[in-house]
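Hi,

Here is the structure for you to look through. Please open it first, then read my notes below.

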Amino acid sequence: MPGLVMDDVSASASRDWGDSYNHHESNGNSTVVRGAHQVDSNGKSDNPQQVNGFKGDDGKGQGFNTAMVLKHGQSSVMPDSVQGLWAPPLMHITQGFFPYSQLVNRAVQQCYNDLCDVITELADSTQPQQSSSANGKPDPAAMQKRIRILEFAQTKRTEFIKLLVLSQWSRQAVDVSKLIDLQNFIRTRHFAYQTAVQRVADMKRDLVRAQVANPDLQTALEVLTMGRVSNMPEFGYKPPKPLSSKRLLATLQKINRIISTRLVTSDTIPSSLNDYRVHDGRATFSVQGEFELDLSIAEEDVTSQFYFIDIRFLFTPSSPIPKGRFFNELDSQINSILKTKGLSGCFDFIHNLVLVNKINILFKQAISLSRGQWIGALRVELLHRILVVHYWPDKSGPKSWLEIGAHSGRQQRQKVSYLGLRWVRDGKECESAQIHFDTETLSMESILRSVIAIHSAHILRAVYERLCTENLFANHRLSISMQMSKTEPGNCRLNVQLTETRYLNASLEPVSGTMCIHTIPSLLCRLDKGSASDDDFVNRISRLRCIAAMEEIESDAKIFGWESVDHRKFKVDIRRVFPSNILRASFFRNRVWGSSWIIAATTSLSGDDWWILRLKARPLSYPDGSGHARVVAGGFSVQSTRVSSGDQILSPRESRYHFPDLDYSLTGALVMYSNALWLSELGYQDVLPPMDQLQLGSRLEVPCLYLKFDIAKLPRQLRITPLEGAQSKSYVRETFTISYHGIDFRTKNAIVVAHGRFHTPLRKMGLKRLKLDDCVLLRRGGTAFAMRFLVAPGQPIMTDLFERIQRLNIALSLFHTLQQSKITVKSVSLSNLSFVYAPREGFEANIVVRLDRLGHAPDLDPAIVRLRDESLFRLRLDISFNNLSPHNRIKQSLGMILNRSGPGNGVQCVLQLLKLTLPVLRALDRLVTEPQHNSALRVQVSIRGAQTFQIHYFGLRFRFLVNALQRRDKIIWTLKDISSSEGQRDVEQAVEAKLQEKIYRGKGDGWQGLGNGAVAEVDQVGNLLSELDSCFADLTPPAALPAAPSEIAEKKPGKAAKDKGQRTNGTSKINRQSQEVPKESDVIMID
């Protein structure tokens, strides 16, 4: 009972519980005498350690005289002999009491907390003070604050008034406590009295059963002495005579006939008891798998009942019904049923008895299993007539269990109930026809093993079907098989081939249902707890398969010398670089590859893939084709491409040299991919196959790259301007095949060959010598060609390829132009073309094709190439002649004409000039080598152009200009006197007269004078120059002639542009001879 304890009752802060036996007088005062101690009405006592009841100093109520309260307020002191018989002290009740000080402290603390909250609330609502209105009313906000303070004070005042009331009431709490103790004592005594009365009544009732009748001593004495009882009545029956064997056999046969006739004609036998046999005076009914029942008759009347004789169970394990009380009860029960319900009722009763017995036997077996080897793995429940066995209880997700019970058979349209089995697998009811459930031989363990075997087979079959859909198993790259059993879970397993040398066996542990995975060789054998679903199986097998495959590939890569690369160094997230189905990836670096290319091997159930990854310090700003470009932290851009198809395995066992072949193939794939990537970044679309289909073959064949080459569609940055006057058509077909041919062991460079075909075989074109260059090979007949390149793996060859193809086209164009001009070509190469333009004289010429690159083109990024406005190549043709050729004097001018564009320039023009200038150059040479003039004169020949020559007889004023002009669609040579008329001497006047007579007014073979000059045909220009030189035959040069300069440069406005270049070897030789022998003439070529 709760209460309140007052801490300080008196002013002296002492606490006195007083005496439980104080006598209250009529005026409210009480006085208690306890020996020599006196207690006044205020509750003070000189013995401060008193408690309820009377107690001495020793705590046992002895040692002092005890005061006794008498009637009418009188008291007396009890003697010491009576004190020992007085009641013990009352038990003091303190449960539910708490100090008053605690209540006060809590109230004060709560008041303080509420006061702080009020102050905070008022401070938050403080606003700037506003002046009072004109009518003098106070501020409403201040009024609300005052009201809030008054409400708080009123609430707390009420609470403290309650505390004051409790304080005044608690001053009398001592008396109330005494009443509580007394009330508790009274209730305890009352309950003890009631209990004693109840026990006495119960004892009286139980003694009735113990009553025994008085023994009949008289009857007992009569039986013991006489062996009979005189007062027991006798009916006079005579005992039957014992039957003989023959009589007994006849009786039994008679009973057999009666029973057989009755069962056939009169009784209705249920269908379940149709299997019976009559023998030995009884009918034995057999129900397969359940029981055998022996019945017989006691009367011949067909309406009489059958009587129970014996029963035997036909299932195991079972025990015979023991003789005794249970058998007697069963006999009585069956006979009663046979009397009322006949054979049908008897069958129903025994059938139900057998079903219940079987359920109990299975229940005991299940309990035994759950306490034995299946401990912790089974949960057994028996609900009415249903046995529920939970297996794999620790498995997460929906549960599985068995239910064995008596089924009514109504759903199967059966009239007889039977022992049925219901299987719930993962929370769903499943077909139980395949479960080995033998009702004749009861074995709970066999049933469980059959259920678990079918359940395990179901899970493994789901795993098998899912794995068979993966590429590695669907394409029979790896083998997978499954063993199933309906009775033994240990025979249910899944055999998976991880690699060519490693295998895996997966099964479920029968007791716990956990996954059991074993690898062969035995590198990993583990029992995984938790869920054994098909998803978990597939995930774990997938991871193990990828781990095994990656271990083999890393081991082989280490043996072959590949360097392992940590992708975290490049901050590459493989989940973004590769597809989502990739489970494991390893990165390697080839020794001959560049630092920007690495190899990646990835594994998954879809297949094992080889990837080539390109690392760039900066991300690309344009599409990367089919590659996967990802910008990761650290500024690296990763481009990946799959080069090995997904349905292949990384390490086939049948290839002993797999890794060398793989290294060869991957390097080839890198070469093909780098060129395809370069073309894709350049924007060149005519490439097959696309980069996403550029993969190795089934036997690691390196794919070829097919390129469609059209000069017209080639980007202008890679296009070479065609020659002026040459054929602009292409002599090679558009399709090129780029293939990989291994590594050059000397330079460690990749060998790349580009194959192409000609539109017209070179033999038919007239090219006899089928060797263009060391890097270009021709097929027999000149129908096709192959270009060989040596580049570092990962370095594209497209720039060199485009250059060589255009060089080849230029060379063939020059050859075709020379052939059209009926010039004999001796040899053709990509950089040189040799031909004979004057077969009789043996004059030969060479046209050299030079290409100047702007920068190192192979290192140029395609993005940089696309931003250029001009071509990377600058074409320049040079022409050279053999030492006997007179055209050495004008080869610089001819070279300039070759490289110029516009009318009057180009290859065709040079070929025409070779024919045009040959007679005049030979004539000029004869002026030097076979002069007709006075040998003392010195002749200076200046080359002003390929068609303009100046002849100057040194020391005289005579200068003659030989120039080629076109007249009436015909080319002629003109001779014009450009001599100065100032300072004419007598000797020169005689020469002037001869010139007028023989040249200007004369006429010769193939030439004719014009009054102030002369014209000559191309082939007869030499006659004109010989006649001109004969005019100076008799001339004696002046005595004092100044030294002739070695070179004279004449520049006249309107004349032909000067040729640039150094003098030829032949000219320099003539100059040296003229300096050594001053009498000889000198021919000088000037630029």
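Strands E34 and E35 form a hairpin, with four residues between them. In the turn, Gly-842 has a positive phi of about 75°. Keep in mind that this is a predicted model. E34 covers residues 832-838 and E35 covers residues 843-853. The two pair in the antiparallel sense, over six bridges. Look for Asn-832, which stands opposite Val-848 in E35.

E35 also pairs with E36, residues 873-881. Nine bridges join these two, again running antiparallel. Here Arg-853 has Phe-873 of E36 as its bridge partner.

Next, the aromatic rings. The whole structure holds 23 aromatic pairs. One of them is Phe-958 with Phe-1032, an edge-to-face pair. Their centres are 5.6 Å apart, with 75° between the planes. Phe-958 sits in the loop between strands E38 and E39, and Phe-1032 in the loop between helices H20 and H21, so the pair ties together parts that are 74 residues apart in sequence. Are these two buried or exposed? Phe-958 is buried, at 0% relative accessibility. Phe-1032 is buried too, at 0%.

Ring pairs also link a cluster: Tyr-684, Phe-709, Phe-736, Phe-758, Phe-785 and Phe-802.

Two charged ends sit over rings. Arg-262 has its charged end over Phe-306, 4.5 Å from the ring centre. For Arg-425 the ring is that of Trp-423, and the distance to its centre is 5.3 Å.

Last, Leu-790 in strand E32. Leu-790 is partly exposed, at 37% relative accessible area. Its C-alpha lies 6.4 Å from that of Val-752, 38 residues away along the chain.

Best wishes

Technical notes:
Residues are numbered from 1 along each chain as its sequence is written. This is a predicted model: local features need pLDDT of at least 70, side-chain atom pairs count only at pLDDT 80 or more; totals for chains, interfaces and linings use all residues. Side-chain values use heavy atoms; hydrogens and water are left out. Two strands pair if DSSP finds at least two bridges between them. Buried means under 20% relative accessible area, exposed over 50%, partly exposed in between (1.4 Å probe, protein chains only). Rings of Phe, Tyr and Trp (its six-membered ring) pair if their centres lie within 6.5 Å; planes under 30 degrees apart count as stacked, over 60 as edge-to-face and the rest as tilted. A charge sits over a ring if NZ of Lys or CZ of Arg is within 6 Å of the ring centre and within 35 degrees of the ring normal.
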